[in-house]
Amino acid sequence: MIDWTRVTELQNEFGKSDFDEIVEIFLEEVEQLIKKLRDDADRSNLRNDLHFLKGSALNLGFSNLAILCQAGETEASQGQADSVDLSAIIQSYNKSKKVFQDGLVS
């Protein structure tokens, strides 16, 4: 679910305070997009939204979320945006976020 190797690389590369800031920005941006995906019935920009979310997820090690976003992005690019399972993507984000935050405390 979480690529802890990636998380460790970021922590080592940026240091604790910068890493904490990266996490904060990530969570803010992704929370806004998750809210949009949950609340907005318009899926005309879904491919781009999922592409952004996939990139963000990969950058911070949310590997399962990235996989689901890639699948949804592919579906949307093939004209099947209405069949993308947004609830699975949102659930994956919520679960990944909890695992991630719990893992950082440990």
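# Contacts and salt bridges, one by one

Reader: Leaving aside neighbours within four places in sequence, which residues is D49 in contact with?

Author: Happy to start there, with a word on the ground rules. This is a predicted model, in which local features need pLDDT of at least 70, side-chain atom pairs count only at pLDDT 80 or more, and totals for chains, interfaces and linings use all residues. Residues are numbered from 1 along each chain as its sequence is written, and side-chain values use heavy atoms, with hydrogens and water left out. With contact taken as heavy atoms within 4.5 Å, and neighbours within four places in sequence set aside, the partners of D49 are L33, K36 and L37.

Reader: Is D49 buried or exposed?

Author: D49 sits in helix 2, residues 46-60 (helices are DSSP runs of H or I, at least four residues, numbered from the N terminus). Buried means under 20% relative accessible area, exposed over 50% and partly exposed in between, using a 1.4 Å probe and protein chains only. Because its relative accessibility is 11%, D49 counts as buried.

Reader: What is the length of the polar contact between the side chains of D49 and K36?

Author: A polar contact is a pair of N or O atoms within 3.5 Å; within protein, one must be able to donate a hydrogen and the other to accept it, and residues adjacent in sequence count only if both atoms are side-chain atoms. For the side chains of D49 and K36, the value is 2.9 Å.

Reader: How many salt bridges does a search of the whole structure find?

Author: Here a salt bridge is a side-chain nitrogen of Lys or Arg within 4 Å of a carboxyl oxygen of Asp or Glu. Searching the whole structure on that basis gives a count of nine.

Reader: Which residue does D20 meet in a salt bridge?

Author: Both partners lie in helix 1 (residues 4-39), four residues apart, about one turn of the helix. The N to O distance is 2.9 Å, and the partner is K16.

Reader: Which residues are linked with K35 in a network of salt bridges?

Author: K35 is partly exposed, at 47% relative accessibility. One of its bridges goes to D39, with the closest N and O atoms 2.7 Å apart, and this pair lies in helix 1, four residues apart. The network links K35 with R38 and D39.

Reader: Which residue forms a salt bridge with E73?

Author: The side chains meet at 3.0 Å, N to O. E73 lies in helix 3 (residues 63-77) and its partner in helix 2, so the pair ties together parts 19 residues apart in sequence. The partner is K54.

How values were computed: Helix = DSSP H or I, 4+ residues; strand = E, 2+ residues; numbered from the N terminus.
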